[in-house]
Amino acid sequence: MSNKTKYAPLPPVDTTVDFVIGVTDIPKPKRGRKRNKSKKQYFTPDTDRAIKEYLASSNQEERDHIFSTRIHYAFYKLAENLIHTFKFYYTEVDDLEDLKHEVICFLLEKLDYFKPERGSKAFSYFSIVGKNYLILYNNNNYKKKKITTDVMDADDDEGVINELGRPARKKDLKDFIDYFTEYVDKHIFTLFKKDKDRRVADAVNILFKRRENLEIFNKKALYIYIREITNVDTPVITKVTKILKKLYKRLYKEYSTKGYVKV
C-alpha cells in the first residue's frame, strides 16, 4: 500500500465557531459514565461561501486558489466519509486514497452544475452526487470481479476478435490520434498560455503517443498518474483536459469529413 495520506489536503484556516453540517467525530473527555463526543466540522459556513465565490469568479487562478485553500479539504473528507460509511470497497485502484482522489475529481467536475441561488445546500448536493458516483462505480467493479471469461478461448475465436477489435475502426482511430498529437505539439503554446497548463497538456499528449505501451486503462487511474507526474493541482488538470476534450471532438469532426486534419 502507498502513503495513506498522499492526497490529503490541510484543513482550511477557519476562525468561525458556528459550525453546522459535515462532521467528523473527535473523542471528548469522559464525564462520569457518559461518553459524549464533540463534533469538528469539515463542511463549514466558509465552505459554502467559498463555493459561491468559486462559481461567481471567471478568473481561473482565483478559482484554483479558492478550491485548493477552502474547498478541497471539505471534498476530501466528504469522499472519505462516503467511502467508509457505505463501504464502497470494490475498487480498481490499490489504495483508497486514489479512490478518494477520483471522487474529488468528479465533484470538481460537477461544481459548475451546483446552483446555490435555487436554495440547494452544498453539503446535501455534493453528498448525493458523490454517493451516486460511488454506487455506480462500486456496482460496476463488483460485476467485473464476478466475470470469469477465459481470455485464451477468446483469442482462439476469430469472430470474437473481429467483434471486439474491429481492426478497420482501430486503424482509423490510430491515424486520427497521430494527427491529434501532432496538432497539440505544434499549437501547445497557442492553446495554453501558462506553463503549468502546458505541462499537463504535454503529459496527456505523451500518454496518447505511448498508448500502445500503456498498462493503465482506467480513466481515473490515468488522471491520478497525470497529477503525479506533473505535480499540479486537480483544478488545473480538470481545466486542461476539458480544453483537450473539446479540441479532440472538433478535430475528429474535421477528420471524419476530410479524412485528415490540417496541422
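1. Asp46, Arg49, Glu53 and Arg70 are joined in a network of salt bridges, a salt bridge being a side-chain nitrogen of Lys or Arg within 4 Å of a carboxyl oxygen of Asp or Glu. The structure holds twelve salt bridges.

2. On the basis of the note: this is a predicted model, in which local features need pLDDT of at least 70 and side-chain atom pairs count only at pLDDT 80 or more, while totals for chains, interfaces and linings use all residues. Residues are numbered from 1 along each chain as its sequence is written, and side-chain values use heavy atoms, with hydrogens and water left out.

3. Within the network, the side chains of Asp46 and Arg70 form a salt bridge with an N to O distance of 2.9 Å. This pair links distant parts of the chain, with Asp46 in helix H1 (residues 45-56) and Arg70 in helix H2, 24 residues apart. Helices are DSSP runs (H or I, at least four residues), numbered from the N terminus. Asp46 counts as buried, at 12% relative accessibility; buried means under 20% relative accessible area, exposed over 50%, and partly exposed in between (1.4 Å probe, protein chains only).

4. Helix H2 (residues 60-85) packs against helix H3 (residues 96-110) at an angle of about 120°, and their axes are 9 Å apart. Axes are lines fitted to C-alpha atoms over the stretch in contact, and angles run from 0 to 180 degrees between N-to-C directions. H2 is therefore oblique to H3, since angles under 35 degrees count as roughly parallel, over 145 as roughly antiparallel, 65 to 115 as roughly perpendicular and the rest as oblique.

5. The contact (heavy atoms within 4.5 Å) involves residues of H2 including Phe67, Phe75, Tyr76 and Ile83, and residues of H3 including Leu96, Leu99, Val103 and Leu107. Its residues divide into twelve nonpolar, two polar and three charged, where Ala, Val, Leu, Ile, Met, Phe, Trp, Tyr, Cys and Pro count as nonpolar, Asp, Glu, Lys and Arg as charged, and the others, Gly among them, as polar.

6. Glu80 and Lys100 meet through their side chains in a salt bridge (2.9 Å, N to O). Glu80 belongs to H2 and Lys100 to H3, so the pair ties together parts that are 20 residues apart in sequence. Glu80 is buried at a relative accessible area of 16%, and Lys100 is buried at 5%.

7. A further salt bridge, also given as 2.9 Å from N to O, joins the side chains of Asp195 and Arg199. Both residues lie in helix H8 (residues 195-209), four residues apart, and so are separated by about one helical turn. Asp195 is partly exposed, with a relative accessible area of 46%, as is Arg199, with 35%.

Terms used:
Helix = DSSP H or I, 4+ residues; strand = E, 2+ residues; numbered from the N terminus.
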